[in-house]
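Open the model in your viewer and keep the selection panel at hand. The tour below goes stop by stop.

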Amino acid sequence: MDKNQHLSAGHFDVIVVGAGISGIAAAHYLTTLCPDHTYAVLESHASFGGTWLLHQYPGVRSDSDLYTYGYAFKPWTRKPIATGDEILGYMEEVIRDDGIEPHIRYGHTIRSASWSSTTNVWTLEVTRAADGKTVRFTTNYLWTCHGYYRHAEGYTPEWPGMDAFQGQLVHPQSWPEDLDCTGKRVVVIGSGATAATLLPALAGKCATVTMLQRSPTYFNIGRNEVPLATELRKLNIDERWIHEIIRRKLLSDKYVTILRARNEPDDYRRELLANVRAHLGEGHEAIPHFDPHYRPWTQRIAFDPDGGLFASVREGQAGVVTGEIERFCENGIQLKSGVVLEADIVVTATGFHLSVMGDIAFTVDGEPVDFAQTVAYRGTALTGVPNFAWVFGYYRSSWTLRVGMVAEFVCKMLNHMRRTGASRVTPVLRQEDEGMQLRPWIDPKDFNPGYVQRRVHLLPRQGCKPEWRIGEDYQQETDEFACIDLEDPIFEYVRSDSVAEAGA
Ligand SMILES: Cc1cc2nc3c(=O)[nH]c(=O)nc-3n(C[C@H](O)[C@H](O)[C@H](O)COP(=O)(O)OP(=O)(O)OC[C@H]3O[C@@H](n4cnc5c(N)ncnc54)[C@H](O)[C@@H]3O)c2cc1C
């Protein structure tokens, strides 16, 4: 189809990419802080939820507590670790309460985004699922909340002999609705939160369920309850207060934990392992499978709510094997040790494909954007990319904590631009930033799961000054974001008068 024939689907002051937990937060803040701005949320899927809509495997749940993973503005009133359905229900309430639904266009996948400095407008080419047509949206400001991984397919490594395997291969990201594990031998490859969720959910329902891990992961085991929240509820304290108090308490607890993991890694490690031994029983043969070689916290520590995983391992309903895969065979998986794990179903909880900007082809004034050449202002706006924000949450704390902070900043910026007649803003490296050392988006020494290592070189880079860093410390970032001066020379604006002057 000729480009000029694309159907025009409308113009909005702001377009948000994605209706996951970040995109719905963006919509909430736009509704409440920028009521004079028009906006639309474009979402590939047929409904909201993002991660929580996509993942439908048995037992799917959060790893973080919902007091911090939930929004600051919406009290969480249930158990801290929530099921996928509970999180969807929570988001549905926000959508209803804020009247967000009419703003969302489901079944709309953005393929390209082109910025014009002549018009100061983004043009988006979008595939509409309902009729397969390409439609065109325009917007003054693009706010992407596309998450960090591709929803279209999960990551499954290539192993020799996979074609010969006679059983079923399943990725948790695309769990078949009708998959019946009853009486089947199931092997789950992986050791992260997904495997830890699947094991207790399948234990007792299938003939055997075994977690096959290349190397062990750290686990925190605890009750799925915050006793202080229970106490406060008994006292009939307002839920908004409880939410804020528990949020602060858990943040403070987490902060202490992160510091300890960094500063006293050996002591912290000993505590984690002592907890594992307490739950499995001293001398249990599975203990070495929960004793990692890396420093705690260089990868996310998995949480086992109410000890479900450890109970199923202790009671022999689930097994753990540490080893490397040599090849797949007809009846299962052969390890390098020679051991064969027989399986009817193999679940590859092996991770994601990192998504670079929602797989959208970006151009600025006709030039393709190479994101690896951009530098991120506080992990959200990018040099050389005007009127643009990206939400990337925390990976050690709850993702969403960063989302609210970025959303408030974006809304302040939008209001500031409107008030001061600015039609374009782009962060720029100032004279004093020249020669600043640039680093990858995520430092591999800090956080290094496979999906990050495989594609981090394609992401924007960060600098070494606070304003050019992607923070991981919520307390510190909260203070820093509150002090942002929107007239700092780091923000290069084009205002109506300067456009008029340029045109004169
Ligand atoms: C099973 C699971 C459990 C997790 N648990 C936790 C947890 O407990 N705590 C935590 O902090 N993190 C957790 N995470 C990480 C989690 O992904 C983030 O917390 C959070 O859900 C990300 O939300 P998001 O809205 O930014 O992205 P997503 O949930 O990935 O949503 C992005 C949305 O954008 C849409 N989109 C993307 N590209 C386009 C495009 N080009 N056009 C249109 N739409 C597009 C997608 O369809 C999707 O709906 C978990 C991840 C998984 C997979």
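Two residues are in contact if their C-beta atoms, placed from the backbone, lie within 7 Å. This is a predicted model: local features need pLDDT of at least 70, side-chain atom pairs count only at pLDDT 80 or more, and totals for chains, interfaces and linings use all residues. Residues are numbered from 1 along each chain as its sequence is written.

**Stop 1: Y141**

Select Y141. Strand β6 (residues 134-144) holds this residue. Helices (H or I, at least four residues) and strands (E, at least two) are DSSP runs, numbered from the N terminus. Not counting residues up to four places away in sequence, Y141 touches D13, V14, N387 and L414. Is Y141 buried or exposed? Y141 is buried, with 25 other C-beta atoms within 10 Å. The cut-offs: buried means 20 or more other C-beta atoms within 10 Å of a residue's own, exposed means 12 or fewer, and partly exposed lies in between, with C-beta atoms placed from the backbone.

**Stop 2**

Colour domain 1 (3-151 + 354-503) and domain 2 (156-350) separately. These bounds come from an automatic or database domain assignment. The domain centres, taken over C-alpha atoms, are separated by 31 Å. At the boundary, 27 residues of domain 1 are in contact with 30 residues of domain 2. On the domain 1 side, α3 (66-69) and α12 (474-482) are the elements that give two or more residues. That side divides into 13 nonpolar, 8 polar and 6 charged residues. Here Ala, Val, Leu, Ile, Met, Phe, Trp, Tyr, Cys and Pro count as nonpolar, Asp, Glu, Lys and Arg as charged, and the others, Gly among them, as polar.

**Stop 3: the ligand shell**

Select the residues around the ligand: there are 32, and G18, G20, G50, G147 and G358 come nearest. A residue is near when its C-beta atom, placed from the backbone, lies within 6 Å of the molecule. By class, the shell has 10 nonpolar, 19 polar and 3 charged residues. α1 (21-33) and β4 (108-116) each supply at least two residues. The largest share, 3 residues, comes from α1.

**Stop 4: the core**

Which residues touch the most other members of the largest nonpolar core? Select I15, V16, V188 and L199, out of 126 residues. Such a core is a set of buried Ala, Val, Leu, Ile, Met, Phe, Trp, Tyr and Cys residues joined through C-beta atoms within 7 Å. Helix α10 (residues 399-420) gives the most to this core, with 12 residues. Domain 1 and domain 2 each contribute at least three. Zoom on V188. Beyond four places in sequence, its contacts are A195, L198, L199, V209, M211, L212, V347 and A349.

**Stop 5: helix α7**

Select α7 (residues 239-263). Its 25 residues should span 36 Å at 1.5 Å a residue, and its end C-alpha atoms are 35 Å apart, which agrees. The expected span is 1.5 Å times one less than the number of residues. Its buried residues are I242, H243, I246, R247, L250 and A261. Their cover includes α3, α6 (227-234) and α8 (265-280).

**Stop 6: G192**

Finish in the loop between β8 (185-189) and α5 (193-202), at G192. G192 is partly exposed, with 17 other C-beta atoms within 10 Å. Leaving aside neighbours within four places in sequence, G192 is in contact with T217, A302 and A349.
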